[in-house]
Amino acid sequence: MLAPFDKKTWTFVDELDDKVQAVYWSEVNPRWSRDPADLPEAVKRLIAARRPRAAFQLSQLDLKGLPVPLLYALLVAILTNSTEAANTYMLEPYALRDAFKLLNDSGEITTDQMAGLEFRFIDIFGRGESIPVNLSRAMAAQPESFVHAVAFFTKRKDDQEDPPELRLNDEEARSSRAEAAYRLLDVVEFIPGVPDGELEAARIIAWVAQAQASLSALARLDTGDQMIGKILAKAPAGEDNVWPCLPVRDALEVVANHHIERGMHVALRNARGAHWRGEGGVQERELAAKYRGWADATAYTHPRVAAILRGVEKAYLSEADWEDNDARIARRMRY
């Protein structure tokens with residue numbers, strides 16, 4: 001156990017009986033080898049010993065030293081083939097994201113395989129550069145992927161039963177799936193109907209219509225529409241610096257309803273995130289002015305979009321008044 005963790009030691013262990021070999025690989029503390037060529041073999045042996053988390057921790061500073069198929073197999077093993085004790089060999093999210101980037105950039109693993117991994121590791125992703133790109137692309141292309149995610153964490157609004165592919169009898173597994181699906185819809189970023197290429201309002205409208213039909217069949221239309229609104233709230237600004245971009249504006253004039261608009265409103269307000277807090281409502285008035293400018297720009301061409309933007313503006317103005325009052329009270333309390 002105290003010998004160098006390298007190929008010479010492993011060759012010696014290979015000459016011992018099977019029981020001793022099993023003890024060595026189940027208990028040895030993997031340490032950095034002086035020879036980078038030892039890393040792939042160490043990872044393979046630790047996976048065989050059902051210690052994939054130890055293997056990942058050993059290799060996380062040199063993930064490029066692993067062949068792509070082996071790196072993929074390592075991530076799969078972490079999910080399916082570990083006997084390691086809880087709270088040992090903890091996985092660093094940044095290292096897992098690096099592993100996903102290497103796999104995506106390689107082009108050697110299929111989109112479906114990568115999407116499956118992203119769903120199982122959904123907690124490591126966030127907004128911006130660390131989104132689950134394969135799941136986002138799959139949902140943009142296939143409304144059913146989005147519909148299933150909604151169904152995983154919501155209940156029907158009728159007394160009917162879901163189809164077999166959505167049912168799970170194991171309560172713990174069902175709860176884990178629901179949490180993952182909710183997290184997924186929080187971090188994916190895509191324009192519906194547009195996995196790649198030019199943004200087109202017609203493709204967005206067609207995607208929304210297909211998703212709504214499936215959501216209605218599963219008695220989840222209202223909640224699903226709110227989630228559609230959250231997705232559309234992540235759209236980029238247009239070339240005219242007005243938010244959202246023109247194809248999304250055109251599509252919203254056709255598909256928007258109360259629930260989609262509600263989902264967009266909530267998502268836009270939540271997108272502010274954590275922020276520095278000054279005295280009074282100055283910040284909120286600046287945000288209100290931004291949304292008012294966009295609303296003015298769309299008032300005549302896209303009135304439903306303008307109404308959504310006006311609603312966000314009013315919410316920030318109301319919050320600004322509250323912050324002003326809170327600041328006045330705080331000043332009086334000092335004296």
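Analyst: In this predicted model, the part to examine is helix α15, where Gln 283, Glu 284, Leu 287, Ala 288, Tyr 291, Trp 294, Ala 295 and Thr 298 are buried. Viewed along the axis of α15, these buried residues fall within an arc of 135°, so they line one face of the helix. On the other side of α15, Val 282 and Glu 286 are exposed.

The length of the helix can be checked as well. Helix α15 covers residues 282–298, and its 17 residues should span 24 Å at 1.5 Å a residue; the end C-alpha atoms are 25 Å apart, which agrees.

Tyr 291 and Trp 294 both belong to α15 and are three residues apart, about one turn of the helix. In general, an α-helix has 3.6 residues a turn, so residues three or four places apart point the same way. The search of the whole structure finds 12 aromatic pairs. Among them, Tyr 291 and Trp 294 form an edge-to-face pair, with 5.3 Å from centre to centre and 80° between the planes.

Since Tyr 291 lies in α15 and Tyr 316 in helix α16 (residues 303–334), the pair ties together parts that are 25 residues apart in sequence. Both Tyr 291 and Tyr 316 are buried.

Technical notes. Residues are numbered from 1 along each chain as its sequence is written. This is a predicted model: local features need pLDDT of at least 70, side-chain atom pairs count only at pLDDT 80 or more; totals for chains, interfaces and linings use all residues. Side-chain values use heavy atoms; hydrogens and water are left out. Helices (H or I, at least four residues) and strands (E, at least two) are DSSP runs, numbered from the N terminus. The expected span of a helix is 1.5 Å times one less than its number of residues. Buried means under 20% relative accessible area, exposed over 50%, partly exposed in between (1.4 Å probe, protein chains only). The arc is that of the directions from the helix axis to the C-beta atoms. Rings of Phe, Tyr and Trp (its six-membered ring) pair if their centres lie within 6.5 Å; planes under 30 degrees apart count as stacked, over 60 as edge-to-face and the rest as tilted.
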